[in-house]
Amino acid sequence: MAVDAVPSGRTPGGRLAGRWVPWLVIGLWLVLAAGMVPLSAKLSSVTTDSAVDTLPASAESTKVAVLEDSLPGGEDSTFVFVYHRDDGLTDADRATVERHYDTLAEQYPPKATAASGETGTNDEAAKNDEDGEDGEDGESSPAQLSTDGKAMVFTLDVSKEYGPPEEIVGPLRDAAKDRPAGLELDVTGPGAIDGDMDAVFDGIDEQVLLTTLAVVTLLLILTYRSPVLWIIPLVAVGAAALTSMGTVYLLVKGFGIVVNDQNSALLTILVFGVGTDYALLLIARYREALHQHENVRVAMVHALRGAAPAIVASAATVVAGLLCLLVADLNSTSGLGPIGAAGILCALVAMLTLFPAVLVVLGRRIFWPAVPRFSTTVEEKRGLWGRLGTAISRRRWVATLGSLGVLGVLALGLAGNTGALREQDQFLSPPESVTGFTVLREHFPELGGQPMTVFARPAHQKQVLDVVKDTPGVAMAVPEQTTGDWAGISVFPEDAPDTPAEYDTIKRVRTAVHAVSGAEAIVGGPSAENLDTEVTTRHDEKLVIPLVLVVVLIILGLLLRAVLAPLVLMATVIVSFAAAFGGSVFVFDTLLGFKGIDHSVPLLAFLFLVALGIDYNIFLASRAREETVRLGTREGMLKALSATGGVITSAGLVLAATFAVLVTLPLVMMIELGFLVAFGVLLDALLVRSVLVPALTLLIGERMWWPSRLSRPAAEPPAGHQPRQQPRQPLADDEESALQR
């Protein structure tokens, strides 16, 4: 009560409790938002999914892509038209194919000879001409007939001057709709696959944002059971998201950071997830302070003093983990580091400035109908989490072994299909470009794989061509007339795209052409780009994962001022990740029928689950350490579990739900990442933090805090003895969630 006897503005909050401060903060945020709106709208204009931008410049396929783009027609998109009829093509079918080609070639004049650089169609057509298999007029046909007579194929190179693949593939399909009944057509090829993939990402930011808003709104309403309070966190997080998008745009323009559609969607998820978590923690502490202080500004100062240290520590852990991605070679992965860090920092600043300012301005009535009253006597109750702590204390070994048993069983799922997911299997519902490849392979085995592009010095083209033709796994190799200092060769593998067998062929081709002295040969193409992406990702995992573990371990050590406790907490997070990954693999493989794990998922999921999952252990362990000073290790952990249980569980549910938004997208990679992180967060919040960590702490006892003074037996008070109360310092996290209501 002594605090409230001091006149307003002269309280321990100092000038921070002045009437004008909240309004000043809100005003500054309005000015900031006005400046960020136009910048945030430009973020989509700097996103890219190009392999040239994503892969490191040192990758061989990147060098090929750069060289291709520099050549006339090098930026063209190649589309493959596959016509087929189960009982064989008719003369009318063949005439239709010829007519479609003429119409499309006239509508989209190619800069280079159609098909010359992708499927060898013209070369095969020339061969057919020599064998008398051309059209009735004796002229070479632009389309190739399959040996079984059931399919025809031609390719079309469309200049990017007509638009990106996602804008072209639809009109191309529409232009070929006029055909005899029973004649089927699949438009596939690199251009069609790119177009279908881009169509999936088209509008993904808006979809993720709207779905996330709906999910967070529902959870906040259920959490606070108030018709108004839920709006305030949403407004503050929305301002943070707006600011983060504008900030990321400036980072891209100023430092050349690569941001793709995936990272843009993850930015929204991160900001809303962690921002809402911070709001839950602060509101819980603010509600308690309102019972103790009549002045709402003073109450907010005390709430910030109690909650801010834990929130800042949480943000620092996530930011440090994200910045570890800067060592990655894959540009899209390294770019996620500063992008995600910017989002976390914007969420941190907004939830520690704008959010409390709005709460103070609106006063106590914002909590209606459960308005916290000043001087209300709050009776401490054991509650669910208190009873759970007592049960764990009585059966420590059962709780420990039971938790580890559950995690171990889930980890067995890692024995399932953890192979790399092919690009063609990325779609939840295979589009025409994917099914078309299957048809193409059925009727044209020599053209059914994605072509490789080999560049060599012109003087060595013939020698390189002979070497490539003799390489196992190569179905066909066709020389190309390439202008400049390079000569091209189109190489067609025997195996399906993005399979281990095709990747082995690419590796053999590279080894063979590199051995040709003076040729300076390089091998690229769509599948080669996917191979280089997978190899680079595996290399990045070996760098980033150990670095993240070390950085987070150091932060935990500094926060808890101990060595053993951080090691125990880190071990539980690693075990939790293995269990989450194993359980998710079981779901993907057995229940959903996915054909592998996208190469980017393990690293990203590990980063998010370690950096975000460790937060809940930070809130629990830091509170346990604080209570241990007064109560001893056993009672301190039980008090911490009781005090942090409700609000941290709510925070875990919110964070899991925001990542689960990714499951609504029609792309397997996003579904895998969203499910894995959401499942891992729930596992960590409900089992690891709630049962395993308390049980291990109770088993280890005061040694948990080694080598600090808390690890000495004297720190544990004798039975029945309560140490003299010391002045209570502001706490670093929430009080009991139930008591706040």
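Residues are numbered from 1 along each chain as written. In this predicted model, local features need pLDDT of at least 70 and side-chain atom pairs count only at pLDDT 80 or more, while totals for chains, interfaces and linings use all residues; side-chain values use heavy atoms, without hydrogens and water.

Me: What makes the set of 170 residues a nonpolar core?
Reply: A nonpolar core is a set of buried Ala, Val, Leu, Ile, Met, Phe, Trp, Tyr and Cys residues joined through side-chain atoms within 4.5 Å, where buried means under 20% relative accessible area with a 1.4 Å probe, protein chains only. The largest such set has 170 residues, with Tyr286, Phe355 and Met670 among those with the most contacts inside it. Helix H24 (668-700) gives the most to this core, 20 residues. A second, separate core has 22 residues, including Leu89 and Val187.

Me: Which residues does methionine 670 touch?
Reply: Contact means heavy atoms within 4.5 Å. Leaving out residues up to four places away in sequence, methionine 670 touches Phe201, Ile204, Gln262, Ala265, Leu662 and Leu665.

Me: Why are E6 and E8 called edge strands?
Reply: The open sheet has the order E6-E7-E5-E8. E6 (474-480) and E8 (522-524) each pair on one side only.

Conventions
Buried means under 20% relative accessible area, exposed over 50%, partly exposed in between (1.4 Å probe, protein chains only). Helices (H or I, at least four residues) and strands (E, at least two) are DSSP runs, numbered from the N terminus. Two strands pair if DSSP finds at least two bridges between them.
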